Amino acid sequence: MDEKGPWTRAEPCRSSEGPCRRDSSSQTCCRLQAGYWPRLTKVNLFTLLSLWLELFPQEEAEENGENQKCRLGLVVVRNSKVVGLHCSGSELHAGQVAIIQHGASLSDCDLYFSRRPCATCLKMIINAGVSQISFWPGDPEVSMLSCSSTQQPHSLAVDIKEEAALDAVATEKLKSNSRAHIRVLLQPLPPGLVHYVESTSKECDFMERLKKDDPALDTDKLFNRDRTRHMEDFSRHFLIQSSQQHRELLRLMGLENFCVEPFFSNLRNNMRETVEVLAAVAAGVPQCHHSFYREPASVPGAPRDDGVSQEVARHCIVQARLLAYRTEDPKVGVGAVIWAKSQEAGYSGTGSLYLVGCGYNAYPAGSEYAEYPQMDTKQENRQTRKYRFIIHAEQNALTFRTCDIKPHEATMLFVTKCPCDECIPLIRGARITHIYTTDQDRDKDKGDISYLQFGSLKNINKFIWQKTPSSLSQLTNGLIGKHNREQEQSHTRKKLRTSSEDLPVVS
């Protein structure tokens with residue numbers, strides 16, 4: 001098992017014709033070229049998505065007051081494509097949700113967990129025939145850190161400690177007898193990626209809309225404040241602050257090889273940089289001042305469904321923003337994720353929502369790096385422009401969808417950029433019922449690409465990222481959520497104050 005083998009960074013693509021060939025993780029090579037931008041590897045992306053899913057907004061309070069089981073995010077991947085996004089709920093663990101939704105089709109899939117799954121989930125996942133199980137090297141699902149919590153009653157702490165110890169023994173037994181690779185697969189981030197994500201997040205369409213609506217607002221200060229706040233929250237959630245405590249936890253999990261230097265320092269550095277990227281991406285969609293509100297003009301004839309709460313909408317848009325950092329477009333990264341809402345309430349962490357598909361803008365599958373034109377509209381020669389070759393995020397999400405779209409269910413597209421005229425007919429034809437996006441490019445005609453049809457798109461609920469209305473009576477989205485309801489009330493009273501080194505792998 002790979003929890004005891006060498007842990008190495010991803011190698012660049014190679015073939016008999018030289019370096020930088022295809023990367024099966026996506027559509028072209030992921031290797032960083034001189035003069036180009038850094039991008040997430042597939043392992044980076046799946047890891048970040050699993051961490052973010054662990055924070056999926058919960059409509060119902062957790063029933064397990066003992067805090068023995070930690071919430072967990074899970075990304076299911078088949079042939080390098082995301083086919084499932086899951087998280088723990090009040091009744092089901094993320095691994096159990098995956099078994100229910102995918103069953104035997106989990107065979108040969110790769111699973112990325114935000115924590116090591118408990119033995120109960122692990123035995124079912126192994127039994128399904130998965131190919132690889134990867135997990136974040138923090139506190140596992142059956143919490144080992146809570147064993148020493150001084151806030152727990154003594155008898156309860158003893159029970160938790162015993163359960164965690166038994167689960168660790170069972171996990172090691174399952175791991176040693178499994179054909180699946182069970183490992184920590186945490187790659188160092190590409191050089192310069194953290195800075196790149198921070199700088200581009202400050203200038204994304206959501207931040208640009210803030211600048212446009214309120215020129216006096218110091219958006220850099222707002223972004224830095226939110227990024228710092230997210231970093232503090234995510235560090236408490238995903239990082240173990242004490243080095244000694246982290247080493248002890250790794251030993252309890254059978255990851256002794258990570259406890260020696262320089263591997264231990266590299267591990268902690270890579271974990272922190274990964275969380276920094278997540279904090280920067282999340283800060284690009286501020287939680288105040290603007291929200292998603294339905295356009296009244298798009299309501300007539302549309303299915304009678306108010307979509308999702310503001311908290312869920314923002315969470316899904318951040319998912320799309322993470323996907324955008326896998327882009328192969330030299331200028332604009334776009335991400336899209338499609339969720340459908342079942343008519344029956346679910347017991348998973350995503351409630352009645354289930355994944356339909358996700359994608360980002362990229363060149364056709366199987367193409368080689370720089371095989372197609374890379375230039376934008378600034379290039380005078382139209383033959384060297386990218387627009388006739390690039391596959392849009394919405395197109396990839398629909399092409400590689402995990403299931404058929406059901407006409408009687410609400411199907412929601414979350415996309416980081418206003419859909420263009422090339423995608424509008426596909427969105428309408430696919431029977432998408434809701435779009436959550438920003439409309440920075442609405443009504444613009446850039447020659448090779450235009451956004452003229454979005455404004456006249458009918459029979460689809462359009463929820464646009466816009467300035468918070470000054471009165472609750474002006475709201476057109478009935479599901480604003482408790483957090484946003486408080487923001488709306490406070491907004492009328494006051495204005496926002498913006499005052500690499502290789503590592504080991506244990507098997």
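Q: Which residue in β11 stands opposite A340?
A: A340 stands opposite T411, where strands are DSSP runs of E with at least two residues, numbered from the N terminus like the helices, which are runs of H or I with at least four residues. This is a predicted model, in which local features need pLDDT of at least 70 and side-chain atom pairs count only at pLDDT 80 or more, while totals for chains, interfaces and linings use all residues. Residues are numbered from 1 along each chain as its sequence is written, and side-chain values use heavy atoms, with hydrogens and water left out.

Q: In what sense do β9 and β11 pair?
A: Strand β9 (residues 335-341) and strand β11 (residues 410-415) are antiparallel, over 6 bridges; two strands pair if DSSP finds at least two bridges between them.

Q: And what is the strand order in the open sheet?
A: The sheet has 6 strands in the order β8-β13-β12-β11-β9-β10, and the pairing is mixed. At the edges stand β8 (290-294) and β10 (353-360), each with a single partner strand, so one side of each has no neighbour in the sheet.

Q: Switching to helices, where does S201 lie, and is S201 buried or exposed?
A: S201 lies in helix α5 and is buried, with a relative accessible area of 0%; buried means under 20%, exposed over 50% and partly exposed in between, using a 1.4 Å probe and protein chains only.

Q: What does S201 touch, leaving out residues up to four places away in sequence?
A: S201 touches M207, F223, A280, V281, G284, R321 and Y325, contact meaning heavy atoms within 4.5 Å.

Q: What about E198, which side chain does it join in a polar contact?
A: The side chain of E198, a residue also placed in helix α5 (residues 193-202), joins that of R227 in a polar contact of 3.1 Å. Such a contact is a pair of N or O atoms within 3.5 Å; within protein, one must be able to donate a hydrogen and the other to accept it, and residues adjacent in sequence count only if both atoms are side-chain atoms.

Q: Which residues are buried in α3?
A: In helix α3 (residues 119-127), the buried residues are A119, C121, L122 and I125. They lie on the same side of α3, because they cover an arc of only 155° around the axis, taken from the directions from the helix axis to the C-beta atoms.
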